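Visitor: I'd like to learn how to read a fold like this one. Could you walk me through it?

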Amino acid sequence: SGVRQWRQASVGQTLEQSRGQIVQGVDAALKGQSTQLGTLVKSERVSTALAAGDADATALAVREGWPGTEDVQVLTADLDQAYADPKAFGYARLGLLEAAIAGDTVVARVVRDAGGQRLGLAVPVQLGTTGPAVIYVRQPLLRLTGTFDQVRVPSAGYLALRQGDGVGLFASGGESRWVAPQRGMGAIDALLRASYDLQAQPVATDYLAAATALSVRQRRRSLVMLVTNVRDEDIEDLLVAVRLLQRQHLVCVASLRERELDVALEQEVETLQDATQA
């Protein structure tokens, strides 16, 4: 209808504005963090530690001069420590350090570190008589994403930071449905039309079969959000399916909690039936 089209256009307009604000906010945050590291490296305490060739004192000076910093490392420019086991060190971190050394400037990127996503920064320095080195700083990702909370996003919409992102749907466990990824605001309507009548069913999900079917249908690398209600006895089957999907995709698993179980666990056990339920 005309009203529906007007609402859709209005939401789309607001989303475009929100996307622009977030992109600008993230860009400003990256520049701000990079500038702060560049300034800190030139401070008297850090400069003195660098001139003395003391890597530990340099790391401590940076950490104490930048409250909230999670970790600081000083590595020689040959990156022997990192290349000794690049997988354990982290390819994203290694790429960040290489970019800083090659560009002879501060570089900031989102990296995987400490078991999660973090904001990583690196800056090339001269470490006394040791020679060229690079300082790596790990910051909480909130320093980059804090701007998200300041941007108003319409509740009826969604936010995609990358232009041209598509969204699709694959339902399994009971009735099976597939909606190929689509771009634009019309994709939301397509997903709703394809899934509005889907109901949870008391059927065990074959995770491996579902992963195989999805891999055949979606060959392009994607972010796969696997929403399910997994039980302890299904964990191994789920892990096998996730490993299969990870060969091609990024995978995130969201296991829905059952409110009834939480309520049962919180209740006092007074009867045999209570004990059986608990």
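Predicted model: local features only at pLDDT ≥ 70, side-chain atom pairs only at ≥ 80, totals over all residues.

Visitor: Why do residues three or four places apart point the same way in an α-helix?

Guide: An α-helix has 3.6 residues a turn, so positions spaced three or four apart end up pointing the same way. As for the helix itself, α10 covers residues 235-246, twelve in number. From first C-alpha to last, α10 reaches 16 Å, close to the 16 Å expected at 1.5 Å a residue.

Visitor: Let's turn to sheets. How do I read the strand order?

Guide: The general idea is that in a regular strand the side chains alternate between the two faces of the sheet. Here, four strands form an open sheet in the order β1-β4-β3-β2, with antiparallel pairing. The edge strands are β1 and β2, each of which pairs on one side only. On average, neighbouring strands of this sheet are turned by 30° against each other, direction ignored.

Visitor: How many bridges join β1 to β4?

Guide: Six, and the two strands run antiparallel. For a landmark, find Val 72, whose bridge partner in β4 is Val 137.

Visitor: What happens between the strands in the hairpin of β2 and β3?

Guide: That hairpin has two residues between the strands, and Ala 114 takes a positive phi near 55°. While you're looking at the sheet, notice α6 (residues 91-103), which lies across β1, β2, β3 and β4. Helix α6 runs at about 165° to β2.

Visitor: Now the core. Which residues have the most contacts inside the largest nonpolar core?

Guide: In soluble globular proteins, nonpolar side chains tend to be buried together. In this case the largest nonpolar core has 24 residues, and those with the most contacts inside it are Leu 37, Val 41, Val 62, Leu 121, Val 125, Ile 135 and Val 137. The elements giving two or more residues to this core are α1 (2-41), α2 (44-51), α3 (55-65), β1 (71-76), β3 (116-127) and β4 (131-140). The most comes from α1, with six residues.

Visitor: Take Val 41. What is it in contact with, leaving aside neighbours within four places in sequence?

Guide: Val 46, Ser 47, Leu 50, Val 123, Val 125 and Ile 135. There's also a second, separate core of 13 residues, which includes Phe 89, Leu 96, Val 111 and Val 134.

Visitor: And the protein overall?

Guide: Its secondary structure comes to twelve helices and eight strands. Of the 278 residues, 31% are buried. Among contacts between residues at least 6 apart in sequence, 57% join residues at least 24 apart.

Notes: Residues numbered from 1 in each chain as written. Heavy atoms only, no water. Expected span 1.5 Å × (residues − 1). Core = buried A, V, L, I, M, F, W, Y, C linked by side-chain atoms within 4.5 Å. Buried < 20%, exposed > 50% of the residue type's maximum accessible area, 1.4 Å probe, protein only. Contact = heavy atoms within 4.5 Å. Pairing = 2+ DSSP bridges. Axes fitted to C-alpha atoms, helices over the stretch in contact; angles between N-to-C directions.
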